[in-house]
Amino acid sequence: MISPHSAQATTRVQGAPPPSGPPAWDGPPPPTQSPQRTALERMKELPGKVSIRWRLTLTYSALVFAAAAVLLFSVYAIIGRAISDAWPALDLGLPPLQDAQLQSEWRSLAGDAVQQARDALFGSAFYALLGVAILALIIGYFVADRAMRPVAQMTATARKLSESTLAHQRIALEGPSDELKELADTFDAMLTRLNVAFDTQRRFVANASHELRTPLTINRTVLEIALSDPEASEDLKALGRTLLEVNARNEKLIEGLLLLARSERELAVRKPLDVREVAQTAVDQVTPFAEEHGVTLTTELVSAPTVGDPVLLERSVSNLLENAVKYNIPENGKVWIRTGMVDGALVVQVANTGQHVPAYEVNSLFEPFRRLHADRVDSAKGSGLGLSIVRAVVQAHGGNVTAVPRDGGGLVVTMRLPSR
């Protein structure tokens, strides 16, 4: 837990405190004991745990092994029959009794010769099949690798894709018009449609930024001029001040929506930065607001370098601090912020005093227009976009943000970002 008595910066950021109170479940409790599975059920689950490359390898190997086994056992039967058929007949002109005894011994020798030939072939065939199985695995793996190469190319292209590379990055698979070529062409066509959609979104955000801000700016200017008129009545001034507050709230809402749209896109700016400086700038901006509400800010800022958009990160930290101040206790409220490195990841943690937050309500607070114990109509404290913007900014930087109820009331929100 973030200590309210911390006076010096530390180089270690502790984990967030656990939720207070009994655990809350959104559904039935988890089973206390996992059910026993039969051997048949485990075997049915194996295909889902083996990659497609190894499944193809094992399939090719099994087919080659089966073909080799059939061939060897066919040779086994053919050689025995061939020796038996080719064994010469013996006729020495002896009396019938002696001739019958001699023919019996001769057939016994033929049977022994056939059996010895089959035993020798069987012993050699066993080692031959073992060698064929190993060779089949090797050949099957290379055949599967060659068959999966176009899929690997599509995967590599998809991993390299971003909003900025959609305009020129394509798979462009060459080869015969087979199923893989059709899949690659379909993927390229989808990338083209996505690029058009992103361009449309960028134009919409730019146009909305101008079309929505301009009328509100004009309204604010007209209202300020009207309020500055010394001949204006008190009723008119009261109405003007109310309209100014409504106008300011609309401006803030539109600014939040545009910032949220910008945060959910690929980062256009990536600069080396120190999150301690970003957090300090956010603290300086929020300090007057906190003093106005009688909230004490305690900082514990440790250097943590990373790469990203400093404006968006500063806005996200400011949103966390503003929320921590707004949703605090009426008197002697406290907010703690600290930065540092934990297990190779950059961490920004903001905690505050406040009302108790149920554990099952925490995740919903990151959704747009959601507030604790309030619907979207109740907007006395804000537009309900602060934590949504924070989550979008953090995810755009390749990190994650979590929140847990703080012991004694309030929240502990932790941002984790990859280090430089």
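Visitor: Is Y141 buried, partly exposed or exposed, and what is its relative accessible area?

Guide: This is a predicted model, in which local features need pLDDT of at least 70, side-chain atom pairs count only at pLDDT 80 or more, and totals for chains, interfaces and linings use all residues. Residues are numbered from 1 along each chain as its sequence is written, and side-chain values use heavy atoms, with hydrogens and water left out. Buried means under 20% relative accessible area, exposed over 50%, and partly exposed in between (1.4 Å probe, protein chains only). Y141 is partly exposed, its relative accessible area being 31%.

Visitor: Which helix supplies the largest share of the nonpolar patch?

Guide: Y141 belongs to a nonpolar surface patch together with W54, L58, L130, I134, L137, I138 and F142; such patches join nonpolar side chains (Val, Leu, Ile, Met, Phe, Trp, Tyr) within 5 Å, from residues with over 30% relative accessible area and no salt bridge (a side-chain nitrogen of Lys or Arg within 4 Å of a carboxyl oxygen of Asp or Glu). Helices are DSSP runs (H or I, at least four residues) and strands likewise (E, at least two), numbered from the N terminus. At least two patch residues come from each of α2 (52-86) and α3 (96-160). The largest share, six residues, comes from α3.

Visitor: Which residue's backbone oxygen does the side chain of T306 reach?

Guide: T306 lies in strand β3 (residues 305-308) and is buried, with a relative accessible area of 2%. At 2.8 Å, its side chain reaches the backbone oxygen of P418.

Methods. Patch = residues over 30% accessible without salt bridge, like charges linked within 9 Å, V, L, I, M, F, W, Y side chains within 5 Å. Areas by Shrake-Rupley, 256 points an atom, 1.4 Å probe, with all protein chains shown as cover. Polar contact = N/O pair within 3.5 Å; in protein donor to acceptor, adjacent residues only side chain to side chain.
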